[in-house]
Amino acid sequence: SEWDNPKLWNPETPNLYFLASKIIKGNNGRSELIDEELRRFGFREIWIEGTKLMLNGHRLNLRGTSINTHGQGYNRGRYKYITPETFNQTIDRLLALNIQCVRFHQQPPSKRIIEIADERGLLVVEESPMYARDYILKANNEMYFRNALSWLKPWIKDRRNNPSVIMWSSENEIGRDWLKWFSDKQLKTLADSIRAVDPGRPVIAEGDF
């Protein structure tokens with residue numbers, strides 16, 4: 001069925017809807033419920049127009065910061081362990097600083113944290129866990145890249161209905177300039193693989209100049 005004049009999701013009015021889906025098997029006039037799901041989502045559209053980022057037809061200027069969902073040496077003084085229990089307070093602090101967008105640096109956060117961002121109207125840049133991995137294991141090999149491509153699809157599918165997620169970050173500090181662990185062709189392949197699952201959001205490659 002169609003949704004007539006839905007209220008759009010945006011940071012000021014994060015309107016959310018539910019879609020109920022059922023799989024029913026019919027046999028000899030009888031029906032059997034095989035599976036059902038209740039999925040929450042929001043109506044909103046984001047795109048790039050020239051040099052402008054557009055949300056629901058209006059220019060969007062991002063005021064953002066990077067945060068981690070785990071402690072790390074260089075930012076331990078700013079953010080420690082971001083959990084579903086503490087994330088509302090973190091959002092309160094961010095909004096008090098006039099910040100309306102966060103990039104989850106180094107790894108995707110828990111799904112519940114993204115759902116809280118949906119509820120509060122916080123814009124999210126979702127980043128894959130492909131982060132400077134030569135520090136930890138040798139990322140500059142074909143097997144790592146194949147595994148990266150296989151990991152992307154279920155991640156995007158899991159979060160593409162969350163309206164707070166406004167763009168995907170395919171990697172961080174893993175390619176192209178001084179590190180040279182991924183080639184330009186590999187970076188484009190990552191982005192194209194993301195767009196194949198979700199063509200409705202911009203894709204960026206973070207860091208490494």
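This is a predicted model: local features need pLDDT of at least 70, side-chain atom pairs count only at pLDDT 80 or more; totals for chains, interfaces and linings use all residues.
Biologist: What is the phi of Asn56?

Modeller: Phi of Asn56 is positive, about 55°, although Asn56 is not a glycine. Asn98 also has a positive phi, near 65°, and is a residue other than glycine. Find Asn98 in the loop between α1 (87-96) and β7 (101-104).

Biologist: Is Asn56 buried or exposed?

Modeller: Read the relative accessible area: buried means under 20%, exposed over 50%, partly exposed in between (1.4 Å probe, protein chains only). Asn56 has 18%, so Asn56 is buried. Asn98 has 47%, so Asn98 is partly exposed.

Biologist: How many helices and strands does the chain have?

Modeller: There are 4 helices and 10 strands. From the N terminus on, their order is β-β-β-β-β-β-α-β-α-β-α-β-α-β. The chain has 209 residues, and 42% of them are buried. Now look at contacts (heavy atoms within 4.5 Å). Take those between residues at least 6 apart in sequence: 64% join residues at least 24 apart.

Biologist: Which residues does Leu123 touch?

Modeller: Start with its place, in strand β8 (residues 123-127). Its relative accessible area is 0%, so Leu123 is buried. Leave out residues up to four places away in sequence, and Leu123 touches Trp9, Pro11, Leu60, Leu62, Gln100, Cys101, Val102, Ser164 and Ile166. Gln100 is 23 residues from Leu123 along the chain, yet their C-alpha atoms are separated by 6.0 Å.

Biologist: What should helix α4 span?

Modeller: The expected span is 1.5 Å times one less than the number of residues. Helix α4 (residues 184-197) has 14 residues, so α4 should span 20 Å; the end C-alpha atoms are 21 Å apart, which agrees.

Biologist: Which residues of α4 are buried?

Modeller: Gln186, Leu187, Leu190, Ala191, Ile194 and Val197 are. Seen down the axis of α4, they fall within an arc of 140°, so they line one face of the helix. That arc is taken from the directions from the helix axis to the C-beta atoms. On the other side of α4, Lys185, Lys188 and Ala196 are exposed. The buried residues of α4 pack against α3 (142-159), β9 (165-172) and β10 (203-206).

Biologist: What does Gln186 touch?

Modeller: Phe145 and Trp181, not counting residues up to four places away in sequence. Gln186 has 16% relative accessibility, so Gln186 counts as buried.

Biologist: Which residues line the largest pocket?

Modeller: Rolling a probe the size of a water molecule over the atoms shows where empty space is left. On a 1 Å grid over the protein atoms alone, a pocket is an open set of points where a 1.4 Å probe fits, with protein on both sides within 12 Å along at least five of seven lines; lining residues have an atom within 4 Å of a point. Here the lining is Phe41, Gly42, Arg44, Glu45, Ile46, Arg160, Asn161, Asn162, Pro163, Asp198, Gly200 and Arg201.

Definitions and conventions. Residues are numbered from 1 along each chain as its sequence is written. Side-chain values use heavy atoms; hydrogens and water are left out. Helices (H or I, at least four residues) and strands (E, at least two) are DSSP runs, numbered from the N terminus.
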